[in-house]
Amino acid sequence: MERLDKFLCDCGVGTRSQVKAIIKAGRVTLDGAVERDSGRKFDPATQAVALDGEPIKSRGSVVVMLNKPAGYVTATEDKNEKTVMELLPAEYKHLELRPVGRLDKATEGLLLFTNDGELLHRLISPKQKVPKRYYARHEGTATAEDVAAFAEGLALGDGTKCLPAVLEPIGAGESYVTVCEGKYHQVRRMLASRNMPVFYLERQQEGTLTLGNLERGQVRELTQTEISLLLQDGKMTKEL
């Protein structure tokens with residue numbers, strides 16, 4: 001059973017206050033009868049909801065991909081900083097989306113949002129081993145010894161132990177790094193621990209998802225097929 005006002009909010013009809021006003025105005029019907037009680041509980045699987053005569057169906061799990069620009073913190077709200085929530089288009093504002101994991105203020109690239117708590121947990125849990133690939137520009141050039149150290153699992157200066165990761169040197173001062181966990185500033189700290197402080201960092205891939213041609217600051221909604229593949233990605237990390 002689900003509250004009528006929450007259901008309509010999750011469907012993107014409006015904010016909680018807007019939805020309450022819409023219901024009070026008699027614009028919503030439940031099984032054909034006008035329903036003015038915003039707290040009314042019903043079964044979305046068996047009962048029909050309509051707004052101004054148009055059927056309203058649950059959107060289910062929504063996952064949105066953002067190509068995050070620098071300068072925004074990954075938080076739902078912050079008194080002093082701009083947050084990634086400000087980059088979501090108006091159509092997603094009422095879906096109670098939450099960031100999946102975290103990119104620090106200076107890091108750019110792929111960041112997911114979802115309104116599905118179970119999906120969020122699966123994607124951020126180290127146990128699922130969903131790989132995340134970053135492009136980094138840094139001081140120095142990664143060596144074979146650095147690659148081996150990443151593969152073994154680094155121990156950082158403060159005692160933090162990292163799971164095995166993949167370091168791919170691609171030239172002087174450039175590397176790809178693939179990790180399957182999301183500790184605080186992890187990729188930056190891992191490279192710095194090998195005397196390669198980072199100048200620029202971009203997440204380019206999470207599981208099977210890539211940024212593709214999504215421009216910086218833009219978003220797109222994932223298809224159900226993409227969501228299904230993402231949920232399977234924890235099984236596709238043998239190299240990690």
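Is Asp 52 buried, partly exposed or exposed? In this predicted model, Asp 52 has a relative accessibility of 48% and therefore counts as partly exposed. The side chain of Asp 52 forms a salt bridge with Arg 27, with 2.7 Å between the closest N and O atoms. Asp 52 sits in the loop between strands E5 (49-51) and E6 (54-56), and Arg 27 in the loop between helix H2 (16-24) and strand E2 (28-30), so the pair ties together parts that are 25 residues apart in sequence. Arg 27 is also partly exposed, at 35%.

The chain around this pair has six helices and 15 strands. Its C-alpha atoms fill a box of roughly 70 × 35 × 35 Å along the principal axes. Of the 240 residues, 45% are buried. There are 34 positive and 34 negative side chains, and the centres of the two sets lie 3 Å apart.

In the whole structure, 15 salt bridges are found. One of them joins Arg 3 and Asp 5, at 2.8 Å from N to O. Arg 3 is partly exposed at 34%, whereas Asp 5 is buried at 0%. Both residues belong to a network of salt bridges that also includes Arg 16 and Lys 20.

Another salt bridge, at 3.2 Å from N to O, is formed by Glu 168 and Arg 133. Glu 168 lies in strand E11 and Arg 133 in strand E10 (residues 132-138), so this pair links parts 35 residues apart in sequence.

Strand E11 (residues 166-171) runs antiparallel to strand E12 (residues 174-179), and five bridges join them. Val 166 has Thr 178 as its bridge partner in E12. The two strands form a hairpin with two residues between them, and Gly 173 in the turn has a positive phi of about 75 degrees.

Technical notes
Residues are numbered from 1 along each chain as its sequence is written. This is a predicted model: local features need pLDDT of at least 70, side-chain atom pairs count only at pLDDT 80 or more; totals for chains, interfaces and linings use all residues. Side-chain values use heavy atoms; hydrogens and water are left out. Helices (H or I, at least four residues) and strands (E, at least two) are DSSP runs, numbered from the N terminus. Buried means under 20% relative accessible area, exposed over 50%, partly exposed in between (1.4 Å probe, protein chains only). Lys and Arg count as positive and Asp and Glu as negative; His and the chain ends are not counted. The place of a charge is taken as NZ of Lys, CZ of Arg, CG of Asp or CD of Glu. Two strands pair if DSSP finds at least two bridges between them. A salt bridge is a side-chain nitrogen of Lys or Arg within 4 Å of a carboxyl oxygen of Asp or Glu.
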